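Here is a short briefing to read with the model open beside you.

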Amino acid sequence: MAPADDVWVRDATETRGIVGRADLLVLPTSAEQVAEVLAWCYRHDVPLTPRGGGTGFAGGAVPVDGGLVLALDRLERVRSFEPLLWRAHVEAGVRTGHVHRLARESGLLFPPDPGASEQSQIGGNIANNAGGPHAFKYGVTGRWVTGLEAAVAPGDLITIGGPIRKDVAGYDLKSLLIGSEGTLGIVTAAWLRLIPGPEAAYPVVGLYRDTAAGCAALERVLGSGLVPAALEYLDGGALVAAGGAFPGGAPAGAGFMVVAEADGTADEAAGLRDELAEVLGDGALAVQAPEPADLWRWREGVAFAVISQRGGKSGEDVVVPLDRLAEAIEETVEIGRRHELQTCSWGHAGDGNVHANFIVDPRDEAELDRARAGAEELFAMAIRLDGSISGEHGIGWTKRGWLERQWGPRAVTLHRELKRVFDPKGLLNPGKKE
Ligand SMILES: Cc1cc2nc3c(=O)[nH]c(=O)nc-3n(C[C@H](O)[C@H](O)[C@H](O)COP(=O)(O)OP(=O)(O)OC[C@H]3O[C@@H](n4cnc5c(N)ncnc54)[C@H](O)[C@@H]3O)c2cc1C
């Protein structure tokens, strides 16, 4: 054990000024040690914050009121990898990017691709049920988890599921733990399902004058019956921050971008790319077909290009039904304007997932206050548009108190009762997912 120092009490919300406080840092090396630490916390009434790669955008891994940070970094073993059976059994601290490479080297694919994959851990992805651009076709992390090993109160290791593809025994505890943000148990290992990787993937990019034209193109793609692997967008503000580095260059007057990707066999992918280009071309200023590696490297840098404008950003990830997407993107800009904040959004358009960002100077307290007020309006907008306050980043610390407004009291009571069953002393990641 060691005293917790700064780096362990922050996550990706540090660029909006969120920093926690902890008394102890523990780095166990085995699942059994994780269970022992939890048992110790339960004996001594010490709150515990599980921590993966610290890339979360909701403050979930930030200890808000002291206690112990339990970092999973040293649970980094691949327990087994069986490419011929399309599966892997990995410990929670294995990096997402490592699983991607392992699968790819054997011609396989682990589809969940949240954007910070070299830092985030499989345990953190599971705890957040992370998505990413390719969730549009392939679904979010939970779809690729067939079994979990977890430490639960008061200090036991449990296994639910395993290297199996179907399982309807008992209530679906696996799905309850997935997305529970470290508030019900600590994931120590997971069995992951893999699939044969596509032979080829070709992106197509449409550039439009404004949000209305871009969202009309998105709806045409869906209506056409074509199934891209990814369907993303960037609004005008995001293009101002990141468009300069876009491979191929954005034409003058572009105020909205749609990124679609076609995958499959080389012939299928090329055919789908051409069909997507035709549908996206209607009303576009330009349609381009960048190299896949260049495009995705650039796309992963969008968040950093936005942060580099003023040193920080306050980002939310609300979700709306696809037919309300244009409204949500335009209202996001309007909310920012009302609070005198520079604003932009981008995100997983096909899933209606809007990454709405206020660009801030993290040292400017007044601006951070305005960003917090703007975020409250974003959540209210999502609920009013029949959406959700979070599509992939979770409730964490930053959205505390909002679940009740989205769900209503009875559903929230059930939510709290479940928490009490799993964590009767309320020591697992207190203050989060409430
Ligand atoms: C540049 C960038 C791009 C991103 N893009 C995406 C994206 O496209 N899609 C997306 O979904 N997210 C995205 N994210 C957010 C983030 O990467 C994901 O939420 C990721 O799943 C967090 O994993 P982590 O290991 O960093 O978890 P952490 O941030 O360490 O923790 C997240 C939560 O999980 C809990 N937790 C962590 N490990 C465990 C465990 N083993 N058991 C129980 N609870 C645990 C923590 O207590 C916390 O509540 C992005 C982040 C960045 C910085």
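Arg-87 is partly exposed, at 24% relative accessibility (buried means under 20% relative accessible area, exposed over 50%, and partly exposed in between, with a 1.4 Å probe and protein chains only). Its salt-bridge partner is Glu-82, with the closest N and O atoms 2.8 Å apart; a salt bridge here is a side-chain nitrogen of Lys or Arg within 4 Å of a carboxyl oxygen of Asp or Glu. Glu-82 also counts as partly exposed, at 28% relative accessibility.

This is a predicted model, in which local features need pLDDT of at least 70 and side-chain atom pairs count only at pLDDT 80 or more, while totals for chains, interfaces and linings use all residues. Residues are numbered from 1 along each chain as its sequence is written, and side-chain values use heavy atoms, leaving out hydrogens and water.

**Salt bridges**

- The structure holds 29 salt bridges.
- Side chains of opposite charge can pair when their charged atoms come close.
- Asp-6 and Arg-10 are joined by a salt bridge of 2.8 Å, N to O.
- Both ends of that pair are described by their relative accessible area: Asp-6 is partly exposed at 43%, and Arg-10 is partly exposed at 22%.
- A network of salt bridges links Arg-16, Glu-316, Asp-317 and Lys-399.

**A pair within helix α11**

- Arg-337 and Glu-334 meet through their side chains in a salt bridge (2.9 Å, N to O).
- Why are Arg-337 and Glu-334 separated by about one helical turn? They lie three residues apart in helix α11.
- Arg-337 is exposed, at 55% relative accessibility, whereas Glu-334 is partly exposed, with a relative accessible area of 31%.

**Packing of α6 on α11**

- Helix α6 (residues 211-224) packs with helix α11 (residues 325-338) at an angle of about 155 degrees, and their axes are 9 Å apart.
- Helices here are DSSP runs (H or I, at least four residues), numbered from the N terminus; axes are lines fitted to C-alpha atoms over the stretch in contact, and angles run from 0 to 180 degrees between N-to-C directions.
- The two helices, α6 and α11, are therefore roughly antiparallel, a label for angles over 145 degrees.
- On the α6 side, Thr-211, Ala-212, Cys-215 and Leu-218 meet Leu-325, Ala-326, Ile-329 and Glu-330 of α11, where contact means heavy atoms within 4.5 Å.
- By class, this contact of α6 with α11 has six nonpolar, one polar and one charged residues.

Note on methods:
Parallel < 35°, antiparallel > 145°, perpendicular 65-115°, else oblique. Nonpolar A, V, L, I, M, F, W, Y, C, P; charged D, E, K, R; others polar.
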